[in-house]
Amino acid sequence: MRVTIYWGRETQPIIRKKIRERFNISDYLSVNGETPADIREEDLPLLRETEKRGFIQIRNKPEK
């Protein structure tokens, strides 16, 4: 599933690194603090839990 992940300013670099490694997310970061990512369906519940804990925000943006 294609999602956009917003990294808040309060998210520590080590936490970002661990999330990126776990979900295979690229190191790209836009000027808006967002990273597009392809997340496997079986990983979505864990990614949503990460969002509930306040580390990220998941944004569903239309594809261009």
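Trainee: What does the charged end of Arg22 sit over?
Mentor: In this predicted model, the charged end of Arg22 is placed over the ring of Phe23, at 5.1 Å from the centre of that ring.

Trainee: And which residue forms a salt bridge with Arg22?
Mentor: That is Asp43, and the closest N and O atoms of the two residues are 3.5 Å apart. The pair links distant parts of the chain, since Arg22 belongs to helix α1 while Asp43 lies in the loop between β2 and α2 (44-52), with 21 residues separating them.

Trainee: Are those two buried or exposed?
Mentor: They fall into separate classes: Asp43 is buried, because its relative accessible area is 6% and the cut-off for buried is under 20%, whereas Arg22, with a relative accessible area of 41%, counts as partly exposed.

Trainee: What else does the side chain of Asp43 meet in a salt bridge?
Mentor: The side chain of Arg40 also meets Asp43 in a salt bridge, and here the N to O distance is 3.0 Å.

Trainee: How many salt bridges turn up in the whole structure?
Mentor: A search of the whole structure gives seven, and one of them is between Glu49 and Arg53, whose closest N and O atoms are 3.1 Å apart. Of these two partners, Glu49 is partly exposed with a relative accessible area of 31%, while Arg53 is exposed with 61%.

Trainee: Where is Arg59 in β3, on the covered face or the uncovered one?
Mentor: Arg59 is on the uncovered face of strand β3 (residues 56-59), together with Gln57, whereas Ile56 and Ile58 make up the covered face.

Trainee: What is the bridge partner of Arg59?
Mentor: Its bridge partner is Thr4, and the strands concerned, β1 (residues 2-7) and β3, run antiparallel and are joined by four bridges.

Trainee: New topic: what does Leu44 touch, leaving out residues up to four places away in sequence?
Mentor: Leu44, which lies in helix α2, touches Met1 and Ile39 on that count. The C-alpha atoms of Leu44 and Met1 are 8.5 Å apart in space, although the two residues are 43 residues apart in sequence. Leu44 counts as buried, because its relative accessibility is 10%.

Trainee: Last one, what phi does Asn24 have?
Mentor: Asn24 has a positive phi of about 55°, although it is not a glycine. In general, most residues other than glycine have a negative phi.

Trainee: Where is the place of Asn24, and is it buried or exposed?
Mentor: Asn24 is found in the loop between α1 (13-23) and β2 (34-38), and it counts as exposed because its relative accessibility is 70%.

How values were computed: Residues are numbered from 1 along each chain as its sequence is written. This is a predicted model: local features need pLDDT of at least 70, side-chain atom pairs count only at pLDDT 80 or more; totals for chains, interfaces and linings use all residues. Side-chain values use heavy atoms; hydrogens and water are left out. Helices (H or I, at least four residues) and strands (E, at least two) are DSSP runs, numbered from the N terminus. Buried means under 20% relative accessible area, exposed over 50%, partly exposed in between (1.4 Å probe, protein chains only). Two strands pair if DSSP finds at least two bridges between them. A salt bridge is a side-chain nitrogen of Lys or Arg within 4 Å of a carboxyl oxygen of Asp or Glu. A charge sits over a ring if NZ of Lys or CZ of Arg is within 6 Å of the ring centre and within 35 degrees of the ring normal. Contact means heavy atoms within 4.5 Å.
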